[in-house]
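Let's take a look at how charged side chains pair up in a protein. Have the sequence and the 3D view ready as you read.

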Amino acid sequence: MSGPTAPRAARRPGGRRTGRARRVRALLLAGALLLPLGTAGPAAAESGAAGPAAESGAVTVAARADDGARITRVERLGDRVFDLMVASPAMRATLPVRVILPWGWRQTSSRTYPVLYLLQGAADDYTSWTRETDVEELSDGADVLVVMPEGGRAGFYTDWWDHGRSTAPRWETFHTVELRQLVERVLRGGDARAVVGLSEGGLGALNYAARHPGVYRFAGSLSGIVDISDPLMRLFIAGTCLREHIDPVRLWGLPTRQRRIWDAHNPSRMVSRFKGTWVHLYAASGAPGGLEDTLNPAGSLLERPLGPPTRAFAGALRRAGVRVTTRLFGPGTHSWPYWQRELHRIWPSVLTALVTPAGGGRP
């Protein structure tokens, strides 16, 4: 799916808390992460064989993922916002991940925290959620880790088929194995997880939930692709790849020749695998809904085809006994003001899923 349109002015990370209380809490939180304060550049901490000492002035990043993925650098951006650089064997690269820590977080604490993963859309990057929404302020009172990984401009949240090449990007492995292990081993993430994505990231959120049953209690798709067998959706996928100078065949092969691979990455072909996950689906009508600063014909064009397949997918989920909530066909375009509004609407559900065993609670 093509990426979000009409981005708004950049938001500077930083919560609404003011005065002495905010300054004190920010200092305590930064100290808990054990980052040097007052430095002009990133606070770097390379992990060695035994790792740096867990003392003031260094972040303990010795813990690694099973395949050796590790955090190589931490940069403080705001009171609770940090960027991590992750060296990923799956991607053969070092990639950024933005995190929002809850107030009171301590690396040395014995407690763990629920985790919300937010996935970007195409032609964007890991900064999009803090740039375009108020997710930092929204999460201010929640004891939840918010993790926003880089997903590539056309990564499609998948381990690329790429004709079997060993150098193929492995986005799914990076997000669901390497990063998940680092979040749990370094940031004290617990086993209560939610994943929400928009546009291309909506497809990613649904695929991650279906392909890893029991891992995510809540999966939200905001204007996402739910059926990659739909010819129009395949056209959108190909167009997104070609715009980024990527051969779309590298993703999952040809639909006719590699049909099993396509089906294995198609939410609509994996309906039964969502059992135990609370699924939320959003798609608007494409008609302007009053939140746009200007007319957005591209956003209307991109959003309009998403409703019918999303409604069909929701029906299939309900027939399979999957917990699903929807908001479909209301006015709105494929753009950030509507995703920001939907994030606020689903926030109570996300928190309910994260704090209730096995994602319980009434939708």
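Is Arg193 buried or exposed? Arg193 turns out to be buried, with a relative accessible area of 6%. Keep in mind that this model is predicted.

## Arg193 and its partner

So who does Arg193 pair up with? Glu184 makes a salt bridge with Arg193, and their closest N and O atoms sit 2.8 Å apart. Glu184 itself is partly exposed, at 28% relative accessible area.

Now find Asp162 and Arg250. Their side chains meet in a salt bridge, at 2.8 Å from N to O. Asp162 belongs to the loop between strand S6 (145-149) and helix H4 (171-186), while Arg250 is in helix H7 (residues 249-252), so this pair ties together parts that are 88 residues apart in sequence.

## A pair within one helix

Next up is helix H8 (residues 259-263), where Asp263 and Arg259 are 4 residues apart, or about one helical turn. These two form a salt bridge, with 3.7 Å between the closest N and O atoms. Arg259 is exposed, at 53% relative accessible area, and Asp263 is partly exposed, at 24%.

## The network and the total

Some charged residues join up in a group: Asp124, Asp125, Arg131 and Glu132 are linked in a network of salt bridges. How many salt bridges are there by this rule? The count comes to 18.

Notes
Residues numbered from 1 in each chain as written. Predicted model: local features only at pLDDT ≥ 70, side-chain atom pairs only at ≥ 80, totals over all residues. Heavy atoms only, no water. Salt bridge = Lys/Arg side-chain N within 4 Å of Asp/Glu carboxyl O. Helix = DSSP H or I, 4+ residues; strand = E, 2+ residues; numbered from the N terminus. Buried < 20%, exposed > 50% of the residue type's maximum accessible area, 1.4 Å probe, protein only.
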